[in-house]
Amino acid sequence: MTERHNPPDPETVDFGYQQVPSAEKATRVRAVFDSVAPHYDVMNDLMSLGAHRIWKRFALSQTGLKPGQAALDLAGGTGDLAVGLARQVGPSGQVVLADINRAMLERGRDRLLDRGVTGVTCVQADAERLPFRDAAFHCITIAFGLRNVTDRVAALAAMARVLKPGGQVLVLEFSQPVAATLGKVYDAYSFALLPALGRLVARDSDSYRYLAESIRRFPDQATLLGMMREAGLEGCRYHNLAGGIVALHRGWRY
Ligand SMILES: C[S@@+](CC[C@H](N)C(=O)[O-])C[C@H]1O[C@@H](n2cnc3c(N)ncnc32)[C@H](O)[C@@H]1O
């Protein structure tokens, strides 16, 4: 095991590089996203130099959704994936944008309306306790959200529960760069540049330090695959993007 994984103590959980009581993490994560919500989209573009758009486009290309089907974008924030899902399922389909954070969800709803996307249902919900009936969705996406969740296996199991048989979960998340040299450059970038950008644009370096740390603490590709299997998903596999800086994990319910 490396420092990337949670220690076995079930009473504490990682919050960036800190260990905090499990019951506290959601409150701290909420404070981070309350603070970053107003600048979230511009910071996303700045921090990834626009690459998050390519990663999200790739995730959308893998949904297999057809017109008339139902999709859930979980931890969907400002709704980038929900827009793409809505286009894929069309007016006869159904898209739910769910997020635990009201400020992020409100920005998501406003952005959907600004882009002329109607018919997406916005729901404030915790990924660990999804307020949807069993087997409700053909596809569930969660982009850059799972690392903020306290009990990730519980969230993945909740996703498996609300997935229709034959449906899939797509987890887009920061992961482990495959080449050590890339890892070093990436470390320098995340721990020097991200908090500095956060300070400059959002006047909040702490939240962006948390984001950089939470990326490093997130399980690597193989460990996440194991968590998805533990949660009851089948046929699990992943695809590295940008040399493993990001990975798209996929799992099905058969
Ligand atoms: C980095 S943002 C990603 C937003 C969007 N999916 C994207 O890719 O741009 C992470 C989102 O996860 C949400 N989140 C954190 N913990 C959550 C939880 N337990 N359940 C649902 N959403 C959660 C946050 O509120 C935030 O909007």
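Which residues in helix 3 meet which residues in helix 4? On the helix 3 side they are His52, Lys56 and Leu60, and on the helix 4 side Asp80, Leu81, Gly84, Leu85 and Gln88. Contact here means heavy atoms within 4.5 Å. Sorted by type, the residues of this contact are three nonpolar, three polar and two charged. For that sorting, Ala, Val, Leu, Ile, Met, Phe, Trp, Tyr, Cys and Pro go down as nonpolar, Asp, Glu, Lys and Arg as charged, and the others, Gly among them, as polar.

Before going on, a word on what you're looking at: it's a predicted model, where local features need pLDDT of at least 70 and side-chain atom pairs count only at pLDDT 80 or more, while totals for chains, interfaces and linings use all residues. Residues are numbered from 1 along each chain as its sequence is written, and side-chain values use heavy atoms, with hydrogens and water left out.

Back to helix 3 and helix 4 (residues 80–89): their axes come within 10 Å and cross at roughly 35°. Axes are lines fitted to C-alpha atoms, for helices over the stretch in contact, and angles run from 0 to 180 degrees between N-to-C directions. The helices themselves are DSSP runs (H or I, at least four residues), numbered from the N terminus.

Helix 3 (residues 51–61) also packs against helix 2 (residues 40–48), at an angle of about 95° and with the axes 7 Å apart. That makes helix 2 roughly perpendicular to helix 3, a label for angles of 65 to 115 degrees. Asn44, Asp45 and Ser48 of helix 2 make this contact with Ala51, His52, Arg53, Trp55 and Lys56 of helix 3.

Now look at helix 1 (residues 22–36) and helix 8 (residues 205–217), which pack at about 120° with their axes 9 Å apart. Lys25, Val29, Val32, Phe33, Ser35 and Val36 in helix 1 meet Ser207, Tyr208, Tyr210 and Leu211 in helix 8. Seven of these contact residues are nonpolar, two polar and one charged.

Last stop, the ligand. It has 20 residues around it, and Tyr40, Ala75, Asp99, Ala127 and Ala143 come nearest; a residue counts if one of its heavy atoms lies within 4 Å. Lysine 56 turns up again here: an N or O atom in its side chain is 2.9 Å from an oxygen atom of the ligand. A backbone N or O atom of alanine 75 sits 2.9 Å from a ligand nitrogen atom, and for alanine 127 a backbone N or O atom is 2.8 Å from a nitrogen atom of the ligand.

Note on methods:
Helix = DSSP H or I, 4+ residues; strand = E, 2+ residues; numbered from the N terminus. Polar contact = N/O pair within 3.5 Å; in protein donor to acceptor, adjacent residues only side chain to side chain. Parallel < 35°, antiparallel > 145°, perpendicular 65-115°, else oblique.
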